[in-house]
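Colleague: Thanks for sitting down with me! Could you walk me through how some of the helices pack here?

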Amino acid sequence: MGSDYYETLEINRNATDADIKKAYRRLGLKFHPSRNRDTGSSETFSQLGEAYDVLSDPRKKATYDKFGEEGLKGGIPPEFGCSGAWSSKYAYHGNPDKTFREFFGGDNPFADFFTNDAPLQFGGLRSVVVKTQDSHIERDLHLSLDDLYHGCTKKIKISRRVMNEDGCTSSIKDKILTIDVKPGWKKGMKIIFAKEGDQGPNSIPADIVFIVRQKSHPLFERDQNDLIYKAQITLEMALTGFSVDVETLDSRLITIPINDIVHPSYNKVVSGEGMPLSQDPSQRGNLILTFDIQFPAKLSAERKHLIRQALTLKD
């Protein structure tokens, strides 16, 4: 009793042409004598070549499906040939390496398994080339300060080349990448999607790397985990005291009293009102108030005299 070609390729009888190619690619690589030196591997490799030679040819496959191996190799009555079946007797050429080479079209199928330190040659295939990964692809991920304060989810559509099931051709397909932004992330942080670049027969897809870029904010600047708020005040306020109302990024209004004399290098630090810490979002940096003191453009002689008097008076 002959071999079952479908069983040899480990597929069922409803397998498509793509299924047949995929199965032969997998098993041919597995049992090629240059890679597999187990007892019986050469015989299995030859059986795989014959099975693929038959099932990849529509006429041979039609004959085999209808008349079995006996009809395929023994020949069928001519009257059945009009249906497209193989009416001549079939005999495998007996060269599984030839089938293997024709399938891979001269491309090196073993680049995943060998390096140039141990070159491999077989049949008419070219010498082995190391399979290297393409250079990573960088893309900017622009986030607002609110996004980085609260955290958010960003969905980004990419288009990339994907190998088809036959392992030889490719097509362009879209894919959605999801980025879960955590509270407290900083600008410059990198999010890596491994091997999501273009696929190719002889290369490893590139990693796609998103780099966090922080958008400017109308009220706050960020310094690591601290938020900096600049308030404009008059010289009178700087000398006599005042309070500052600040709306936080989580929509609270806090009032901060300033009772000190404010000079150009003066800062007011409010603990726990800055950015969340990425490693522990329940903890926060500081809110730092800086001040832009608006000096009068000019003063009358009388006002200058009054200021001198006020500043020279003893407490």
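This is a predicted model: local features need pLDDT of at least 70, side-chain atom pairs count only at pLDDT 80 or more; totals for chains, interfaces and linings use all residues.

Colleague: How are α3 and α5 oriented to each other, then?

Modeller: Their axes cross at roughly 60 degrees. Angles under 35 degrees would count as roughly parallel, and 65 to 115 as roughly perpendicular. The crossing is left-handed, and the orientation of α3 and α5 is therefore oblique.

Colleague: Which residues of α5 make the contact with α3?

Modeller: On the α3 side, the contact uses F45, S46, G49 and Y52. By class, the contact of α3 with α5 has five nonpolar, three polar and one charged residues. The α5 side is made by P96, D97, T99, F100 and F103.

Colleague: What about helix α2 and helix α3: is α2 roughly parallel or antiparallel to α3?

Modeller: Helix α2 spans residues 17-31 and helix α3 residues 41-55. Their axes come within 9 Å and cross at roughly 160 degrees. Angles over 145 count as roughly antiparallel, so α2 is to α3 roughly antiparallel.

Colleague: How many nonpolar residues are in the contact of α2 with α3?

Modeller: α2 passes α3 in a left-handed crossing. The contact is made by I20, K21, Y24, L27, G28 and F31 of α2, with S41, T44, F45, L48, G49, Y52 and L55 of α3. Of these residues, four are polar and one is charged, while the nonpolar ones number eight.

Technical notes:
Residues are numbered from 1 along each chain as its sequence is written. Side-chain values use heavy atoms; hydrogens and water are left out. Axes are lines fitted to C-alpha atoms, for helices over the stretch in contact, and angles run from 0 to 180 degrees between N-to-C directions. Helices (H or I, at least four residues) and strands (E, at least two) are DSSP runs, numbered from the N terminus. A crossing is left-handed if the near helix is turned anticlockwise from the far one by less than a right angle, and right-handed if clockwise. Contact means heavy atoms within 4.5 Å. Ala, Val, Leu, Ile, Met, Phe, Trp, Tyr, Cys and Pro count as nonpolar, Asp, Glu, Lys and Arg as charged, and the others, Gly among them, as polar.
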